[in-house]
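Student: Can we walk through this fold together? I'd like the sheet and a few residues.

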Amino acid sequence: SPKKGGITMDHYFTDNRHLKENRKEITFRFWCFDYSFITDNGVFSKEAIDYGTQVLLKTICEREELGERVLDLGCGYGPVGVVLKKIYPTKAFEMIDVNPRAVQLAKENICRNQLEADVHVSNIYEDLHQESYSDIITNPPIRAGKAVIYTMFEEAYQHLEVGGKLWVVIRKQQGAPSAVKKIKDVFGNCEIIKRDSGYYILEAIK
C-alpha cells in the first residue's frame, strides 16, 4: 500500500522484495481443470483469481483464437499464463512482470501445475525473448497510472505480428472508454468483445 508522502514502493507493479513474505496456496477450477497457485504479499489479487482475469480467460477460451506465440504482459503470480498454457499446450508462452517476487511465484506456479513457459522479469517490453507475438494478453496495473498503461498499449503494436491480437481486461469505471479510444488510435481498431459486471474485454488486431 502507498506510504505517506506519495511513495508507492510497495505496489504490486514495483520491485517489492523487501516486503515480508506471507505465502499461501489458493486453488482455482476452470474448464474442468484444477489449478494450484502460491501467492504472497505484494502481488495483485493474492487471495483469489480476480474476477476480471476470470472474464478474460473465459472470453479467450470461448473464442479459441490464440496463435502460436503468446505474451502474458504483467503476469503477476501467473494465473493467465498457467491456465492458458494448460488449455493450449502446443502454444509457446512468455510471461513477464516488473515485480521480481511475482515472477518467482509465476515460475513456481508453472512448475506446480506441471507446465512449461518462459517466465522472467521485464519492465513492460524492455527485455523480451521473442521478435514478435501472435497474442499479447494483459490485465493492466491500473494503479500504475495512465502513462504506464498507455505505453503498454502503444508498444504492443510493434511487438505483434501482422494479424496478431492485443487482449485487455479493464473495468468501465477505471477507464475502459478512454482505453478503447487510445487503442483505436494505435491499432486503427478496438472491439469490446465482452462486458461482464463492469469489466470490458478489449480486442485489437494488427
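Tutor: Here is a short tour of the sheet, then some residues. This is a predicted model: local features need pLDDT of at least 70, side-chain atom pairs count only at pLDDT 80 or more, and totals for chains, interfaces and linings use all residues. Residues are numbered from 1 along each chain as its sequence is written, and side-chain values use heavy atoms, with hydrogens and water left out.

Student: What is the strand order in the open sheet?

Tutor: Seven strands run β5-β4-β3-β6-β7-β9-β8, with mixed pairing. Strands are DSSP E runs of at least two residues, helices H or I runs of at least four, both numbered from the N terminus. Two strands pair if DSSP finds at least two bridges between them.

Student: Which strands stand at the edges?

Tutor: β5 and β8 (191–196). Each has a single partner strand, so one side of each lacks a neighbour in the sheet.

Student: How do β4 and β5 run, parallel or antiparallel?

Tutor: Parallel, with four bridges joining β4 (residues 92–97) to β5 (residues 118–121). D97 has V121 as its bridge partner in β5.

Student: And β7 with β9, parallel or antiparallel?

Tutor: Antiparallel, through seven bridges. V168 pairs with L202 of β9 there.

Student: New topic. Where is T59 found?

Tutor: In helix α1 (residues 51–63). T59 is buried, at 2% relative accessible area. Buried means under 20%, exposed over 50%, partly exposed in between (1.4 Å probe, protein chains only).

Student: What does T59 touch?

Tutor: I193, K194 and I201, leaving aside residues up to four places away in sequence. Contact means heavy atoms within 4.5 Å.

Student: Why does K107 count as partly exposed?

Tutor: Because its relative accessibility is 38%. K107 sits in helix α3 (residues 100–112).
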